[in-house]
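These entries record what I looked up in one structure.

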Amino acid sequence: GVDGQSGRGWVDAAGRAHGEGAPGLPWTDGIPPGFAESTGGTAGGSVGLWAIEALAAPAVMRFQFHFCSNRPTNRIDRPHWPTAHIAAAARAAEGTCALLQAALTGEGATKEAKALAAKLAPYGVRVELLLALLFALGNKWKAEWQRVREDDAVACVWLNEAVAFESQLRGPLALPTRAPGVLAMLCKLSGAVSRWARLEGDASAEALARVLRSPRGWAEAQPGA
């Protein structure tokens, strides 16, 4: 199946499954179906969307190697490690993504290539790569969430990192607002929203109790203070 723990696939912005193990996408000698059609039957033809798969597949595999296997880097109490990896991978691939985007939609691209890119990669090559990595992250979270939700400290770290990384995605990494980010993924996890609300409520109640226990909590506020 296509999952971040055992497979090497992901789902693009158009909802299509890609990569090894993706249903309906058997690979033959490393060449996806439709290669001949998208390139006019020659290796030197117009660039098809198989090129985005070729770009994203090793990035997804590298992510899974470090964060979805029995490696020291795969720790549920360090959620900022995989998110930092995703940000670094996206930045490192900017030049390659720009070249591939030009081949798909630039002046020299065919009408067919532009139409395919508009339909199947509407956010562009760079965002498609980012979404592939976020898909792998989402599957990692699904596999780990049951353990995380049972530990208040780890759950708080996860929630804080999700908020911080969402800000980074929408800011420096320029993920379009219409594309789902990590907060959307987090809120789809079973019981995540109610767990988040309870942790926030507990933290607020504790903060209020500290204020009320303090001698200053009952002092009359000074004008202009």
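Entry 1. I looked up K140 and E144, which are 4 residues apart in helix α6 (residues 125-149) and therefore separated by about one helical turn. Helices here are DSSP runs of H or I with at least four residues, strands are E runs of at least two, and both are numbered from the N terminus. The side chains of K140 and E144 form a salt bridge, 2.7 Å from N to O. I applied the criterion of a Lys or Arg side-chain nitrogen within 4 Å of a carboxyl oxygen of Asp or Glu. Both K140 and E144 are buried. Buried denotes under 20% relative accessible area, exposed over 50%, and partly exposed in between, with a 1.4 Å probe and protein chains only.

Entry 2. I noted the basis of these values. The model is predicted, so local features need pLDDT of at least 70 and side-chain atom pairs count only at pLDDT 80 or more, while totals for chains, interfaces and linings use all residues. Residues are numbered from 1 along each chain as its sequence is written, and side-chain values use heavy atoms, with hydrogens and water left out.

Entry 3. I then turned to helix α7 (residues 152-170), where E166 and R170 lie 4 residues apart, about one turn of the helix. Their side chains meet in a salt bridge at 2.9 Å, N to O. E166 counts as buried because its relative accessibility is 12%, whereas R170, at 29%, counts as partly exposed.

Entry 4. How many salt bridges does the structure hold? I found 5. One of them joins R78 to D77, with the closest N and O atoms 3.0 Å apart. R78 is partly exposed because its relative accessibility is 28%, and D77 is partly exposed at 27%. R75, D77 and R78 are linked in a salt-bridge network.

Entry 5. Two packed helices are described by the angle and the distance between their axes. I looked up helix α4 (residues 94-105) and α6, whose axes come within 8 Å and cross at roughly 125 degrees. That angle makes α4 oblique to α6. The axes are lines fitted to C-alpha atoms, for helices over the stretch in contact, and angles run from 0 to 180 degrees between N-to-C directions. Under 35 degrees counts as roughly parallel, over 145 as roughly antiparallel, 65 to 115 as roughly perpendicular, and the rest as oblique.

Entry 6. Which residues of α4 and α6 meet? I recorded C97, L100, Q101 and L104 in α4 against V125, R126 and L129 in α6, contact being heavy atoms within 4.5 Å.
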